[in-house]
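Here is a friendly walk through one protein model. Have the sequence and the 3D view open as you read.

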Amino acid sequence: MDETPREIEIVVETPKGAANAYEWDARARVIRLRAVRHDAPAPPFERGYVANTFTAYGETLPALLALTLPTFPGCRAAARVLGALERDNGETVETLIVTTAVADAQGNAARRYQDLEADAVVVVERALGEQARWLDADAALDIVRAAQRRWRMAQGKHEV
């Protein structure tokens, strides 16, 4: 993957349109079925996390990946950061990084979260609720870089 200023790697947990929701179990090192959504609309994004990251709470940094066709759980994809949605609930700050797949020639024209289809933006906003606020790509990338530093520190790797 070429490293451009806004390019990161996303690990897909739940593919676009999937009724089954999956999540990575880091301890067991497997992908687990988390939920089956019988009545919920299928998500228009891939859901997963930014590779090699830890939030301030020790979890992987959640991400959405916009692309034309679904991939599969465990797939790693080069992605361009478009922005983030952040919600401070008083005790914790939840952040959802929003990206687009670099390899998707049809779907990677977006450069900012505002470039996504309006229906997709509504779905993202619902993910964190009314109290969430949008952050631009630069602010989102700052969050990603901080989460990558925390991951490297946890691995015993020093800053370069």
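Leaving aside its neighbours within four places in sequence, which residues is Arg 150 in contact with?

## A helix residue and its distant partners

Once the neighbours within four places in sequence are set aside, Arg 150 is in contact with Phe 54, Thr 55 and Ala 56. Please keep in mind that this is a predicted model. Arg 150 sits in helix H2, which covers residues 137–154. Arg 150 itself has a relative accessible area of 34%, so it counts as partly exposed.

## The overall fold

Now for the wider view. The protein has two helices and eight strands, and along the sequence they come in the order β-β-β-β-β-β-β-α-β-α. The C-alpha trace spans about 45 × 35 × 35 Å along its principal axes. For 160 residues, a compact globule would have a radius of gyration near 15 Å, and the protein agrees with this because its own value is 15 Å.

Within the protein, 63% of the contacts with a separation of 6 or more are between residues 24 or more positions apart. Of the 160 residues, 39% count as buried. The accessible surface comes to about 9400 Å², and carbon and sulfur atoms account for 49% of that.

## Charges and salt bridges

The protein carries 20 positive and 24 negative side chains, with the centres of the two sets 4 Å apart. Side chains of opposite charge can pair when their charged atoms come close. Here, counting a side-chain nitrogen of Lys or Arg within 4 Å of a carboxyl oxygen of Asp or Glu, there are six salt bridges.

One of them joins the side chains of Arg 76 and Glu 9, at 2.8 Å from N to O. This pair links distant parts of the chain, as Arg 76 is in strand E6 (residues 76–88) and Glu 9 is in strand E1 (residues 7–14), 67 residues apart. Are these two residues buried, exposed or in between? Arg 76 has a relative accessible area of 46%, so it is partly exposed. Glu 9 is partly exposed too, with a value of 25%.

## Pairs between E2 and E3

Another salt bridge brings together the side chains of Arg 34 and Glu 23, at 3.7 Å from N to O. Because Arg 34 lies in strand E3 (residues 30–36) and Glu 23 in strand E2 (residues 20–25), the pair ties together parts that are eleven residues apart in sequence. Arg 34 counts as partly exposed at 46% relative accessibility, and Glu 23 also counts as partly exposed, at 36%.

Arg 32 and Asp 25 meet in a salt bridge as well, with 2.6 Å from N to O. Arg 32 is partly exposed, with a relative accessible area of 42%.

## Two loop residues with positive phi

Where does Arg 29 lie? Its place is in the loop between E2 and E3. Arg 29 is not a glycine, yet it has a positive phi of about 60°. With 62% relative accessibility, Arg 29 counts as exposed.

Asn 52 belongs to the loop between strand E4 (46–50) and strand E5 (61–66). Its phi is near 55°, a positive value in a residue other than glycine. At 37% relative accessibility, Asn 52 counts as partly exposed.

Key. Residues numbered from 1 in each chain as written. Predicted model: local features only at pLDDT ≥ 70, side-chain atom pairs only at ≥ 80, totals over all residues. Heavy atoms only, no water. Helix = DSSP H or I, 4+ residues; strand = E, 2+ residues; numbered from the N terminus. Rg over C-alpha atoms; globule rule 2.2 N^0.38 Å. Buried < 20%, exposed > 50% of the residue type's maximum accessible area, 1.4 Å probe, protein only. Contact = heavy atoms within 4.5 Å. Areas by Shrake-Rupley, 256 points an atom, 1.4 Å probe, with all protein chains shown as cover. Lys, Arg positive; Asp, Glu negative; His and termini not counted. Charge placed at Lys NZ, Arg CZ, Asp CG, Glu CD.
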